[in-house]
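Colleague: I am new to this structure. Please take me through its pockets and one of its sheets.

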Amino acid sequence: MAKKILILGACGQIGTELTMALREKNGADNVIASDIREGNEKMMSSGPFEILDATNYQAIEDVVMYYEIDEVYLMAAMLSATAEKFPMRAWNLNMNSLFNVLNLAKERKINKIFWPSSIAVFGPNTPKEDTPQHTLMEPSTVYGISKQAGERWCEYYFKKFNVDVRSVRYPGLISWKTQPGGGTTDYAVEIYHKALANNYYTSFLSEDTLLPMMFMDDAIRATISLMETDSNKLTIRSSYNLAAMSFAPKEIAASIVEHIPDFTINYEPDFRQAIADSWPSSIDDSKARADWNWEHKFDLAKTTKAMLENLRSLS
Ligand code: AKB
(Lines give C-alpha, C1' and ligand atoms only; values in the text may rest on other atoms or scores of the structure.)
Protein backbone atom coordinates (compact mmCIF):
# COMPACT_ATOMS: atom_id res chain seq x y z
CA MET A 1 0.00 0.00 0.00
CA ALA A 2 1.26 3.50 -0.84
CA LYS A 3 2.47 5.52 2.12
CA LYS A 4 0.24 8.39 3.21
CA ILE A 5 1.79 11.76 3.91
CA LEU A 6 0.44 14.73 5.89
CA ILE A 7 1.91 18.22 5.45
CA LEU A 8 1.24 20.73 8.22
CA GLY A 9 1.72 24.32 7.06
CA ALA A 10 1.34 23.35 3.40
CA CYS A 11 0.53 26.88 2.18
CA GLY A 12 3.78 28.54 3.24
CA GLN A 13 6.90 29.20 1.18
CA ILE A 14 8.34 25.67 1.50
CA GLY A 15 5.07 23.81 2.05
CA THR A 16 3.57 24.91 -1.27
CA GLU A 17 6.40 23.49 -3.37
CA LEU A 18 6.95 20.47 -1.14
CA THR A 19 3.28 19.49 -1.43
CA MET A 20 3.39 19.61 -5.23
CA ALA A 21 6.66 17.65 -5.38
CA LEU A 22 5.36 14.96 -2.99
CA ARG A 23 2.04 14.70 -4.86
CA GLU A 24 3.92 14.23 -8.12
CA LYS A 25 6.12 11.54 -6.59
CA ASN A 26 3.65 9.63 -4.42
CA GLY A 27 0.31 10.18 -6.13
CA ALA A 28 -1.87 13.18 -5.32
CA ASP A 29 -4.38 11.23 -3.21
CA ASN A 30 -1.61 10.03 -0.89
CA VAL A 31 -0.48 13.53 0.09
CA ILE A 32 -2.83 15.42 2.42
CA ALA A 33 -2.04 19.14 2.55
CA SER A 34 -3.17 21.17 5.56
CA ASP A 35 -2.93 24.69 6.91
CA ILE A 36 -4.93 27.16 8.98
CA ARG A 37 -6.21 28.74 5.75
CA GLU A 38 -6.94 27.52 2.24
CA GLY A 39 -4.10 27.53 -0.30
CA ASN A 40 -3.91 28.63 -3.91
CA GLU A 41 -6.05 27.12 -6.65
CA LYS A 42 -3.45 24.49 -7.57
CA MET A 43 -3.01 23.37 -3.97
CA MET A 44 -6.76 23.03 -3.44
CA SER A 45 -7.57 21.28 -6.71
CA SER A 46 -4.59 18.90 -6.98
CA GLY A 47 -5.29 16.67 -3.94
CA PRO A 48 -6.84 16.35 -0.47
CA PHE A 49 -6.72 19.42 1.80
CA GLU A 50 -7.70 19.91 5.46
CA ILE A 51 -7.97 23.09 7.51
CA LEU A 52 -5.76 22.20 10.47
CA ASP A 53 -4.06 24.10 13.31
CA ALA A 54 -0.65 22.54 13.97
CA THR A 55 -0.91 23.44 17.68
CA ASN A 56 -4.11 21.37 18.10
CA TYR A 57 -3.05 17.82 19.01
CA GLN A 58 -6.54 16.35 18.83
CA ALA A 59 -7.27 17.83 15.42
CA ILE A 60 -3.99 16.48 14.01
CA GLU A 61 -4.60 13.05 15.55
CA ASP A 62 -8.09 12.94 14.00
CA VAL A 63 -6.66 13.64 10.52
CA VAL A 64 -3.81 11.15 11.06
CA MET A 65 -6.27 8.39 12.03
CA TYR A 66 -8.79 9.23 9.30
CA TYR A 67 -6.27 9.13 6.45
CA GLU A 68 -4.02 6.45 8.06
CA ILE A 69 -1.02 8.76 7.82
CA ASP A 70 2.53 7.29 7.84
CA GLU A 71 4.70 10.41 7.53
CA VAL A 72 4.29 14.01 8.68
CA TYR A 73 6.16 17.04 7.34
CA LEU A 74 5.75 19.84 9.90
CA MET A 75 6.31 23.06 7.95
CA ALA A 76 4.23 25.45 10.13
CA ALA A 77 6.43 27.96 11.97
CA MET A 78 6.84 31.63 12.79
CA LEU A 79 10.08 32.93 11.22
CA SER A 80 12.82 35.12 12.69
CA ALA A 81 11.63 38.69 12.06
CA THR A 82 7.98 38.10 13.05
CA ALA A 83 9.03 36.02 16.05
CA GLU A 84 10.94 39.03 17.47
CA LYS A 85 7.63 40.93 17.47
CA PHE A 86 5.52 38.12 18.98
CA PRO A 87 7.90 36.05 21.15
CA MET A 88 5.34 34.00 23.07
CA ARG A 89 3.19 33.30 20.02
CA ALA A 90 6.30 32.17 18.16
CA TRP A 91 7.42 29.93 21.02
CA ASN A 92 3.96 28.39 21.37
CA LEU A 93 3.54 27.71 17.65
CA ASN A 94 7.08 26.48 17.01
CA MET A 95 7.30 24.23 20.08
CA ASN A 96 3.73 22.94 20.54
CA SER A 97 3.43 21.89 16.92
CA LEU A 98 6.70 19.96 17.25
CA PHE A 99 5.63 18.23 20.47
CA ASN A 100 2.36 17.26 18.79
CA VAL A 101 4.07 15.35 15.99
CA LEU A 102 6.84 13.93 18.21
CA ASN A 103 4.20 12.56 20.59
CA LEU A 104 2.15 11.07 17.74
CA ALA A 105 5.29 9.22 16.63
CA LYS A 106 6.11 8.18 20.20
CA GLU A 107 2.61 6.64 20.40
CA ARG A 108 3.33 4.89 17.05
CA LYS A 109 0.44 6.66 15.30
CA ILE A 110 2.90 7.88 12.63
CA ASN A 111 6.22 6.37 11.52
CA LYS A 112 8.37 9.24 10.33
CA ILE A 113 8.67 13.02 10.79
CA PHE A 114 10.36 15.81 8.88
CA TRP A 115 10.90 18.97 10.91
CA PRO A 116 12.81 21.99 9.59
CA SER A 117 15.49 23.70 11.62
CA SER A 118 17.46 26.73 10.47
CA ILE A 119 20.82 28.51 10.42
CA ALA A 120 19.14 30.61 13.14
CA VAL A 121 20.21 27.97 15.69
CA PHE A 122 23.65 29.61 15.55
CA GLY A 123 24.47 32.82 17.37
CA PRO A 124 27.00 35.65 17.63
CA ASN A 125 29.63 33.45 19.34
CA THR A 126 29.47 30.70 16.69
CA PRO A 127 32.39 30.54 14.21
CA LYS A 128 31.01 32.57 11.27
CA GLU A 129 32.75 30.91 8.35
CA ASP A 130 32.24 27.28 7.41
CA THR A 131 30.20 26.86 10.57
CA PRO A 132 30.65 23.23 11.65
CA GLN A 133 27.87 20.75 12.34
CA HIS A 134 28.83 20.60 16.03
CA THR A 135 29.87 23.94 17.49
CA LEU A 136 29.05 26.63 20.03
CA MET A 137 25.50 27.79 19.26
CA GLU A 138 23.92 30.29 21.72
CA PRO A 139 21.19 31.66 19.39
CA SER A 140 20.15 35.23 20.24
CA THR A 141 16.73 35.35 18.53
CA VAL A 142 13.36 33.98 19.65
CA TYR A 143 13.14 31.91 16.49
CA GLY A 144 16.68 30.58 16.89
CA ILE A 145 16.04 29.64 20.51
CA SER A 146 12.90 27.72 19.49
CA LYS A 147 14.78 25.93 16.70
CA GLN A 148 17.67 24.98 18.94
CA ALA A 149 15.31 23.69 21.64
CA GLY A 150 13.44 21.80 18.91
CA GLU A 151 16.64 20.13 17.74
CA ARG A 152 17.41 18.97 21.27
CA TRP A 153 13.90 17.52 21.59
CA CYS A 154 14.17 15.73 18.21
CA GLU A 155 17.39 14.04 19.26
CA TYR A 156 15.92 13.21 22.66
CA TYR A 157 12.81 11.56 21.15
CA PHE A 158 15.01 9.61 18.74
CA LYS A 159 17.32 8.31 21.48
CA LYS A 160 14.72 7.75 24.16
CA PHE A 161 11.67 6.61 22.16
CA ASN A 162 13.19 5.59 18.81
CA VAL A 163 11.16 8.24 16.98
CA ASP A 164 12.30 8.48 13.35
CA VAL A 165 12.62 12.26 13.06
CA ARG A 166 14.77 13.92 10.40
CA SER A 167 15.76 17.54 9.98
CA VAL A 168 17.91 20.05 8.11
CA ARG A 169 19.06 23.53 9.08
CA TYR A 170 17.72 25.46 6.10
CA PRO A 171 19.62 28.54 4.97
CA GLY A 172 17.66 31.46 3.45
CA LEU A 173 15.40 30.03 0.73
CA ILE A 174 14.80 31.68 -2.63
CA SER A 175 11.62 30.82 -4.50
CA TRP A 176 9.39 32.27 -7.22
CA LYS A 177 6.17 30.25 -6.72
CA THR A 178 5.40 31.49 -3.20
CA GLN A 179 6.79 34.49 -1.32
CA PRO A 180 8.30 33.98 2.12
CA GLY A 181 6.86 35.77 5.13
CA GLY A 182 8.47 37.15 8.25
CA GLY A 183 12.06 36.02 7.71
CA THR A 184 15.37 37.90 7.72
CA THR A 185 16.53 36.33 4.45
CA ASP A 186 13.30 37.41 2.65
CA TYR A 187 15.16 40.30 1.00
CA ALA A 188 16.71 37.78 -1.40
CA VAL A 189 13.25 37.03 -2.83
CA GLU A 190 11.78 40.56 -2.66
CA ILE A 191 14.72 41.94 -4.62
CA TYR A 192 13.77 39.94 -7.75
CA HIS A 193 10.12 41.05 -7.58
CA LYS A 194 11.15 44.71 -7.18
CA ALA A 195 13.82 44.47 -9.86
CA LEU A 196 11.19 43.37 -12.38
CA ALA A 197 8.51 45.79 -11.18
CA ASN A 198 10.58 48.98 -10.60
CA ASN A 199 14.23 48.34 -11.57
CA TYR A 200 14.95 49.36 -8.00
CA TYR A 201 15.21 47.86 -4.49
CA THR A 202 15.78 49.19 -0.99
CA SER A 203 17.51 46.47 1.02
CA PHE A 204 16.80 46.14 4.74
CA LEU A 205 20.23 44.49 5.16
CA SER A 206 23.53 46.29 4.57
CA GLU A 207 25.45 45.69 1.34
CA ASP A 208 28.08 43.34 2.85
CA THR A 209 25.80 41.10 4.91
CA LEU A 210 26.94 37.66 3.83
CA LEU A 211 24.39 34.90 4.52
CA PRO A 212 23.98 31.23 3.50
CA MET A 213 21.23 30.84 0.86
CA MET A 214 19.64 28.15 -1.33
CA PHE A 215 17.30 27.97 -4.33
CA MET A 216 14.00 26.27 -3.49
CA ASP A 217 14.45 23.41 -5.99
CA ASP A 218 17.57 22.37 -4.09
CA ALA A 219 15.79 22.67 -0.74
CA ILE A 220 12.92 20.44 -1.87
CA ARG A 221 15.32 17.86 -3.30
CA ALA A 222 17.31 17.86 -0.05
CA THR A 223 14.18 17.40 2.06
CA ILE A 224 12.79 14.49 0.05
CA SER A 225 16.20 12.85 -0.29
CA LEU A 226 16.81 12.98 3.48
CA MET A 227 13.39 11.42 4.08
CA GLU A 228 14.13 8.62 1.61
CA THR A 229 17.53 7.71 3.08
CA ASP A 230 17.86 4.45 5.03
CA SER A 231 17.53 5.23 8.70
CA ASN A 232 20.78 3.45 9.59
CA LYS A 233 22.81 5.84 7.38
CA LEU A 234 21.77 8.91 9.36
CA THR A 235 24.26 9.96 12.03
CA ILE A 236 22.56 13.24 12.96
CA ARG A 237 19.16 13.24 14.67
CA SER A 238 19.17 16.85 15.81
CA SER A 239 19.44 18.58 12.41
CA TYR A 240 21.86 18.46 9.47
CA ASN A 241 23.82 21.53 8.34
CA LEU A 242 22.81 22.18 4.73
CA ALA A 243 24.41 24.59 2.26
CA ALA A 244 24.48 25.70 -1.35
CA MET A 245 25.90 29.25 -1.65
CA SER A 246 26.54 32.43 0.32
CA PHE A 247 26.12 35.99 -0.93
CA ALA A 248 25.58 39.54 0.28
CA PRO A 249 22.99 42.06 -1.02
CA LYS A 250 25.58 43.79 -3.22
CA GLU A 251 26.40 40.45 -4.91
CA ILE A 252 22.79 39.51 -5.65
CA ALA A 253 22.32 43.06 -7.00
CA ALA A 254 25.33 42.59 -9.30
CA SER A 255 23.92 39.30 -10.58
CA ILE A 256 20.59 41.04 -11.35
CA VAL A 257 22.42 43.81 -13.24
CA GLU A 258 23.70 41.12 -15.63
CA HIS A 259 20.08 40.67 -16.74
CA ILE A 260 18.62 44.12 -16.00
CA PRO A 261 21.44 46.64 -16.65
CA ASP A 262 19.66 49.68 -15.19
CA PHE A 263 18.72 47.94 -11.91
CA THR A 264 19.83 49.91 -8.83
CA ILE A 265 19.86 49.18 -5.11
CA ASN A 266 20.19 51.24 -1.94
CA TYR A 267 20.52 50.17 1.67
CA GLU A 268 18.41 51.07 4.71
CA PRO A 269 19.19 48.45 7.37
CA ASP A 270 16.46 47.96 9.99
CA PHE A 271 16.03 45.67 13.05
CA ARG A 272 16.65 42.62 10.85
CA GLN A 273 20.31 43.65 10.45
CA ALA A 274 21.06 42.56 14.04
CA ILE A 275 19.42 39.18 13.40
CA ALA A 276 21.47 38.66 10.22
CA ASP A 277 24.67 39.75 12.00
CA SER A 278 24.16 36.99 14.58
CA TRP A 279 24.05 34.25 11.90
CA PRO A 280 26.86 32.43 10.06
CA SER A 281 28.11 33.64 6.69
CA SER A 282 28.79 30.12 5.39
CA ILE A 283 28.04 26.56 6.47
CA ASP A 284 30.02 23.31 6.47
CA ASP A 285 27.50 20.68 5.36
CA SER A 286 29.97 17.80 4.90
CA LYS A 287 27.90 15.49 7.15
CA ALA A 288 24.87 15.79 4.86
CA ARG A 289 27.10 15.25 1.82
CA ALA A 290 28.66 12.14 3.40
CA ASP A 291 25.58 10.56 5.02
CA TRP A 292 22.95 11.01 2.30
CA ASN A 293 24.91 12.24 -0.73
CA TRP A 294 23.60 15.81 -0.60
CA GLU A 295 24.72 17.94 -3.55
CA HIS A 296 23.38 21.36 -4.46
CA LYS A 297 22.75 22.33 -8.09
CA PHE A 298 22.04 26.07 -7.98
CA ASP A 299 24.65 28.79 -7.48
CA LEU A 300 23.84 32.52 -7.48
CA ALA A 301 24.06 32.93 -11.29
CA LYS A 302 21.68 30.00 -11.93
CA THR A 303 19.33 31.16 -9.17
CA THR A 304 19.09 34.69 -10.60
CA LYS A 305 18.43 33.36 -14.10
CA ALA A 306 15.72 30.97 -12.86
CA MET A 307 14.08 33.62 -10.66
CA LEU A 308 13.91 36.30 -13.35
CA GLU A 309 12.75 33.92 -16.10
CA ASN A 310 10.04 32.33 -13.97
CA LEU A 311 8.78 35.58 -12.45
CA ARG A 312 8.64 37.15 -15.94
CA SER A 313 6.59 34.22 -17.20
CA LEU A 314 4.03 34.82 -14.42
CA SER A 315 3.42 38.47 -15.30
C1 AKB B 1 14.44 33.44 8.32
O2 AKB B 1 15.03 34.35 7.72
O3 AKB B 1 13.90 33.58 9.43
C4 AKB B 1 14.40 32.07 7.69
C5 AKB B 1 15.51 31.18 8.17
C6 AKB B 1 16.90 31.48 7.81
O7 AKB B 1 15.26 30.23 8.84
N8 AKB B 1 14.45 32.19 6.26
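Modeller: A pocket is an open set of points on a 1 Å grid over the protein atoms alone, where a 1.4 Å probe fits, with protein on both sides within 12 Å along at least five of seven lines. Lining residues have an atom within 4 Å of a point. This is a predicted model; local features need pLDDT of at least 70, side-chain atom pairs count only at pLDDT 80 or more, and totals for chains, interfaces and linings use all residues. Residues are numbered from 1 along each chain, and side-chain values use heavy atoms, without hydrogens and water.

Colleague: What volume does the largest pocket have?

Modeller: About 970 Å³. A volume here is the space filled by probe spheres set on the points, which are joined across faces, edges and corners. The lining counts 43 residues, with M75, A77, M78, L79 and G181 closest to the centre.

Colleague: What makes the second largest pocket one that lies between domain 1 and domain 2?

Modeller: Both domains give residues to its lining, so the pocket lies between them. The domain bounds come from an automatic or database assignment. The volume is about 340 Å³. Among its 15 lining residues, T16, E17, M20, A21 and K177 are closest to the centre.

Colleague: Why are β6 and β12 at the edges of their sheet?

Modeller: Strands are DSSP runs of E, at least two residues, numbered from the N terminus. Two of them pair if DSSP finds at least two bridges between them. The order is β6-β8-β12, in parallel pairing. β6 and β12 each have a single partner strand, so one side of each is left without a neighbour in the sheet. Two bridges join β8 to β12, and V168 has Y240 as its bridge partner.

Notes: Helix = DSSP H or I, 4+ residues; strand = E, 2+ residues; numbered from the N terminus.
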